[in-house]
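Here are my notes for you, written as numbered points. Keep the model open while you read, and look up each residue as it comes along.

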Amino acid sequence: MKLSRYLPFLEWTKDYKKSWFTEDLLAGITIGIMVIPQGMAYALLANLPPIYGLYTAIIPMLIYPLLGSSRRLSVGPVAIIALLVGSGIAPLAAGDLGLFVLYAATLAFIVGVIQVSMGVFRLGFLVHFLSNPVISGFTSAIAIIIAFSQLKHLLGVDLARSEFILDIGTEAFARISEINLMSFGLGIIGILLILLFKRINRKLPGALIAVVLGIIVVAVFSLDSNVAIVGEIPQGLPSFASPSFSWETWRTLLPMAFVISILGIVQSIAIAKALQTKNRDHEIHPNQEFVAMGISNMAASFFQSFPVSGGVGRSAVNFQVGARSPLASMISSILLIITLLFLTPYFYFLPKAMLAAVIFTAVYYLMDFQEPQRLWKTDRKDFWMLIATFLGTLFVGIEEGIAIGVGLSLAMMIYRSVYPHYAILGNIPESPYYMNVERFENLSMEKDVLILRFDAQLYFANMSFFKDRASKLIFDSKEEIKMLLLDFSVVNRMDSSACKMMEELFVELKNNGVQLKISAVRGPVRDSMTRCGLIDLIGKENFYLRTHEAIHSWKHPEVGLNNRFATQSNPE
C-alpha cells in the first residue's frame, strides 16, 4: 500500500505544477472571504461569540489538506453542526461562556476520536445506514429549525432559545409588536443582496459584501444604539487550551458527538464525491476521510473550536473558482489568521441581523424540494421514511429525528431482507431463457413443474418465508406439481440454518411425491451445501448449471443429458 494513501499530501505536492498556484491563490482568497461572515454567523448559531467561528475555521483548513483524500473539499464550521452544538450544550453550560467554550472544544475532540477510530477500524461503511431519504428529511427539517433560531436576530427581539419551532414561532407571534423595524429592515435587505449576488455570479462574495455594507450603514448613521451589533471582537490568534478529559463530561457529550460524527462525515463524503465526479484527478477514500476529519477536529479542539465538517457552499465555490489542489484551503486559513491579527476591530459595528441574513440564505440551499417529489413518484416507502424523519426532527427533537430516520432505515432493510422478492418463472418459447410470469406475457409453463427463483441470500431470517412460500405454491396449486425447480442464480450466500431448512423442505417434498432439482448454484453457495451434506442428500444428479438443462432433463429422461454441474468441482 502506498504511503500517499494515508498521507495524501505526498501525492498532490509531488504532482503540483507552478501554473496551478494562481488558480489556488484566487480560490483560497475567495473561500477565505466567504468563511469570515459565515464563520461569525455560525458561531452565533452555536450560541457562541462570533470570534469563535473564525477560531474554528483556522486549524481544519491547515490540517485537512494534508490528510484528506479530496482536493477541493472546504472544511470548517457548517450550519447543521453549529445548531447541534448550540442546542446540545446550552442546557449544560447554563449561560457560563467559559464552560460553554470548554464543552464545545471537548465535543470537537470526542467527535475527532470517534471519526479517527471509525477510519482506523475501516468502519466507513456505517455511513450507508443513513439513506438518502433520511438525510434529505433531516437536513430539510434542520434548515427550518436553523431559520427559526435566527428570528431573534432578524426581528431584534430576545426570544427564548429552543430547538422546537412551535415554541419559537408562538413566542415570536406573541411579541410581534416588539419587532425592531431597523434590524428587520437590515436583515431583509441583507438577504435580498446575498441572493442577488448569487444570481449574478456565484463566485461573488455576496455575504461579505452584505456584511461590509451593513457595517458601513450602522457606523455612518450611528444606528448602534437602535440595532444589536457584534461589538468588540478580541484581536489575535486563539490561545492554546486543553479540552476536558473528565469521564462525566465525555459521558454527557458522547451521544451528541456520535450524531455529529456520522452527519459530518456523511455530508463531507457526499460533497467530496460530487466534486470528484466533475474532475477525476483523484480518488475519494471514505475511511481516510474519517481519519482526516477526525484529526482536524481533534487538533482544532485545542484552540477553542467547535466541531467542523465539509461545507456545501464553500466547497462548490472552491471548485467553481478553479481550485486545483488543497493548497487553496491553506491559503484561506492564512487569510483568516491575517484577519484575526489585524482586521477584527473593523467588525465592531456589524449588525447581528446581517449575520442572521447570512444564515438564512445559507440554510435555504439546505432545503431539498426535489427529493420528496421524486420519491413520491418512484418509491412511496422511501417517501414516507423521509416525511417521518422530517416531522420527527421538526417536532420531537434533533437527535430523536435522526434516531427515527436510522431506525426506519434499519427496519426497512430488515423487512426487505426477511421478505425478499421472488418469482415464478416461465420459458420464452423457442429459447433457453426463463422469465418472471408476472412481468412477461406468452411464457410457456409445464403443468407439473414449478420453477421458483428467490432473489436474495438464504439465511436464518428469511428461511421460514422461503420454505412457507415454496410449500404454499406447490400444495395450493390447482395443478398437481411433480417437480420443484429452484433457480439459485441470484442466491449468493446460504448459512447453516438455511441448509437445515433445505433438508426439511427436501424431506417434505419427497414424502409428498415431489422431486427437487436446483439450477445455477453459485460457487460459495455450493461450498456451503457441500459442507452441510445437502448435495449428497439431494443428489448431484439433481443439480444443473442452467434452468433449461434441468427442464430438458425432466421432459426427456430417456436422453440422459450429461449433467455438467455434477462434474465441476466449484462452478461460479
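1. Which are the buried residues of α15? They are A353, M354, L355, A356, A357, V358, I359, F360, T361 and V363. "Buried" here means under 20% relative accessible area, while exposed means over 50% and partly exposed is in between (1.4 Å probe, protein chains only). Helices are DSSP runs (H or I, at least four residues), numbered from the N terminus.

2. Before going on, a word on what you're looking at. This is a predicted model, where local features need pLDDT of at least 70 and side-chain atom pairs count only at pLDDT 80 or more, though totals for chains, interfaces and linings use all residues. Residues are numbered from 1 along each chain as its sequence is written, and side-chain values use heavy atoms, with hydrogens and water left out.

3. Back to α15, which covers residues 352-364. This helix is mostly covered, with 10 of its 13 residues buried. Among the elements doing the covering are α2 (21-45), α4 (79-93), α6 (132-149) and α10. From first C-alpha to last, α15 reaches 19 Å, close to the 18 Å expected at 1.5 Å a residue; that expected span is 1.5 Å times one less than the number of residues.

4. Now find K467, in helix α19 (residues 463-475). K467 counts as buried because its relative accessible area is 18%. Skip the residues up to four places away in sequence, and K467 touches M501, E504, L505 and E508 (contact means heavy atoms within 4.5 Å).

5. A salt bridge needs a side-chain nitrogen of Lys or Arg within 4 Å of a carboxyl oxygen of Asp or Glu. E508 has a relative accessible area of 24%, so this residue is partly exposed.

6. How many salt bridges does the structure hold? There are 12. R453 is buried at 17%, whereas D455 is partly exposed at 21%. Then try R175 and E171, which pair up at 3.0 Å, N to O. R175 is partly exposed at 22%, and E171 is partly exposed at 23%. E171 and R175 also belong to a network of salt bridges that includes E178.

7. For the surface, look at L237, I334, I338, L341, F342, L343 and Y346, a nonpolar patch with about 690 Å² of accessible area together. Patches take residues with over 30% relative accessible area and no salt bridge, joining like charges within 9 Å and nonpolar side chains (Val, Leu, Ile, Met, Phe, Trp, Tyr) within 5 Å. The areas come from the Shrake-Rupley method with a 1.4 Å probe, and for residues only the protein chains shown count as cover. L237 lies in the loop between α10 (206-220) and α11 (247-278) and is partly exposed at 45%.

8. Last stop: A550, in helix α23 (residues 547-555). Is A550 buried or exposed? A550 counts as buried, because its relative accessibility is 0%. Neighbours within four places in sequence aside, A550 is in contact with L485 and Y544. R202 is another matter: A550 and R202 are 348 residues apart in sequence and 63 Å apart in space, C-alpha to C-alpha.

Methods
Helix = DSSP H or I, 4+ residues; strand = E, 2+ residues; numbered from the N terminus.
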